[in-house]
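Hi,

Here is the structure I promised to pass on. Have a look at it first, and then read on for what turned up.

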Amino acid sequence: MSDLSIYDRQEFGKPLGFGRKTALLVIDFQLGFTREDAFGGFNINDAIASTAELLVHARAAGLPIAHACFIAPDAVGGIGPFGEKIPNLLKLAADAPDTAFAPAVTPLKGEYIVRKQHASAFFGTSLSSWLRANGVDTLLVTGCTTSGCVRASVIDASAHGLRPIIVEECVGDRAEEPHRANLFDMRQKYADVMSLEAVIGQIGLAKAA
């Protein structure tokens, strides 16, 4: 077994904590990710249920909320190598049933919807501008998959100067090993990883203040 203490010795994983204003990002909780015969697996449905709980508290606290969804372009090859690696992504057209949001986490009127064609919710979208306009410096991250679109969005959030906080029970992947490995790696390099209970408590404190 490898010696993971090297991360501590090299001073990785320092906590970021919450900043002045927090928003919630929900990534790709679409119907196609609820089924193993499409894009789902392992703990994604559990993560959707946990995110539905978090949404109740985030909405009550008045947090800005953004929902990212993958929608394949009409043009053949419009997502380039990403589509070559995962050709099934091209089935997620705008009018495809699997593209719709999972019912438990469907956006409410007024919540921001980010339509994306690549892994990161930031790439080729106006998400960063929307967050800046709302004065956000801390981003709660939920969604799927942990090793794919969540990871890409977390890295871009960090690159945009945000404090990413991954809500552990609210992210999911199609297999356990990449889920666990990527949570560990993101905690060391790019983000905090907090429990749902701790995040709900923090939201409550902010609301009370």
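Let's start with E11, which sits in the loop between α1 (5–9) and β1 (22–27). Bear in mind that this is a predicted model. E11 has a positive phi of about 60° even though it is not a glycine. With a relative accessibility of 58%, E11 counts as exposed. D28 is another non-glycine residue with a positive phi of about 60°. You'll find D28 in the loop between β1 and α2, and at 0% relative accessibility it counts as buried.

T145 belongs to the loop between β4 (138–144) and α5 (146–159). C144 itself is buried, at 0% relative accessibility.

That brings me to the cysteines. How many disulfides does a search of the whole structure find? It comes back with 0. C69 is in none, and the nearest cysteine sulfur to it, in C149, is 11 Å away. C69 also counts as buried, with a relative accessibility of 4%. For C144, the closest cysteine sulfur is again that of C149, at 7.4 Å. A disulfide needs the two sulfur atoms within 2.5 Å, so the C144 sulfur is too far away for a bond.

Now the charges. The structure holds 9 salt bridges, and I'll go through a few of them.

- R35 and D98: their side chains meet in a salt bridge at 2.6 Å, N to O. R35 is in the loop between β1 and α2, while D98 is in the loop between α3 (81–85) and β3 (112–116), so this pair ties together parts that are 63 residues apart in sequence. R35 is partly exposed, with a relative accessible area of 32%, and D98 counts as partly exposed too, at 21%. There is a network here as well: R35, D37 and D98 are linked by salt bridges.
- D185 and K189: another side-chain salt bridge, at 3.0 Å, N to O. Both are in helix α6 (residues 176–189), and because they are 4 residues apart, about one helical turn separates them. D185 counts as buried at 12% relative accessibility, whereas K189 is partly exposed at 40%.
- R9 and D3: in this salt bridge the closest N and O atoms are 3.3 Å apart. R9 counts as exposed, at 55% relative accessibility, and D3 is partly exposed, with a relative accessible area of 47%.

Elsewhere on the surface, E53, E168, E169 and E197 gather in a patch of negative charge. One of them, E197, is found in helix α7 (residues 196–208) and is exposed, with a relative accessible area of 68%.

Which residue lies 9.8 Å from G62, C-alpha to C-alpha, while being 40 residues apart from it in sequence? That would be T22. G62 counts as exposed, at 57% relative accessibility.

Cheers

Conventions:
Residues numbered from 1 in each chain as written. Predicted model: local features only at pLDDT ≥ 70, side-chain atom pairs only at ≥ 80, totals over all residues. Heavy atoms only, no water. Buried < 20%, exposed > 50% of the residue type's maximum accessible area, 1.4 Å probe, protein only. Patch = residues over 30% accessible without salt bridge, like charges linked within 9 Å, V, L, I, M, F, W, Y side chains within 5 Å. Areas by Shrake-Rupley, 256 points an atom, 1.4 Å probe, with all protein chains shown as cover. Salt bridge = Lys/Arg side-chain N within 4 Å of Asp/Glu carboxyl O. Lys, Arg positive; Asp, Glu negative; His and termini not counted. Charge placed at Lys NZ, Arg CZ, Asp CG, Glu CD. Helix = DSSP H or I, 4+ residues; strand = E, 2+ residues; numbered from the N terminus.
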